[in-house]
Amino acid sequence: MTKTAKPESQVPSTGRIAFDDRGNAVWQWRSDTGTFKSDIDTRKVRALQEATTEQLGGEAQVAAPAAAAPPNNDPYSTADSHHLLEKKAPRRTLDDMRKLSEEIKRARALKK
């Protein structure tokens, strides 16, 4: 069997996956000295984000939201997605309410 070499364009990893005392997976960052640690300076994370943004062409790639979510069949879910699909009628303005009031007054006057 022959081993395939990594492409030269691939960026080396900035860390590794490790497991804490409770068995949960955590990310350990590679420091400048070559050691790995779980805590990292915020400036380093921001620098990594900026470098990634530059590699993507200067624009952050944002996924477009789904137009209509499929119905949720989970009986334990508290999310009400059906109310998002229903369009509400526009609220009545003050002028509309005044017109309605005048119509009601005229209708009552005609009944007398």
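Colleague: Why are Asp95 and Arg98 separated by about one helical turn?

Modeller: Asp95 and Arg98 lie three residues apart in helix 3 (residues 94–111), and therefore about one helical turn separates them. Helices are DSSP runs of H or I with at least four residues, strands are runs of E with at least two, and both are numbered from the N terminus. Please note that this is a predicted model, in which local features need pLDDT of at least 70, side-chain atom pairs count only at pLDDT 80 or more, and totals for chains, interfaces and linings use all residues. Residues are numbered from 1 along each chain as its sequence is written, and side-chain values use heavy atoms, with hydrogens and water left out.

Colleague: What makes the pair Asp95 and Arg98 a salt bridge?

Modeller: The term requires a side-chain nitrogen of Lys or Arg within 4 Å of a carboxyl oxygen of Asp or Glu. The closest N and O atoms of Asp95 and Arg98 are 3.4 Å apart, so the pair qualifies. A search of the whole structure finds one salt bridge.

Colleague: Why is Asp95 called partly exposed?

Modeller: A residue is buried under 20% relative accessible area, exposed over 50%, and partly exposed in between (1.4 Å probe, protein chains only). Asp95 has 48% relative accessibility and therefore counts as partly exposed. Arg98, with a relative accessible area of 49%, is likewise partly exposed.

Colleague: Why is Gln28 called buried?

Modeller: Its relative accessible area is 17%, so Gln28 falls on the buried side of the cut-off. Of the 112 residues of the protein, 4% count as buried.

Colleague: Which residues are in contact with Gln28, leaving aside its neighbours within four places in sequence?

Modeller: They are Thr14, Gly15, Arg16, Ala18, Phe36, Lys37 and Ser38, where contact means heavy atoms within 4.5 Å. Gln28 itself is found in strand 2 (residues 25–30).
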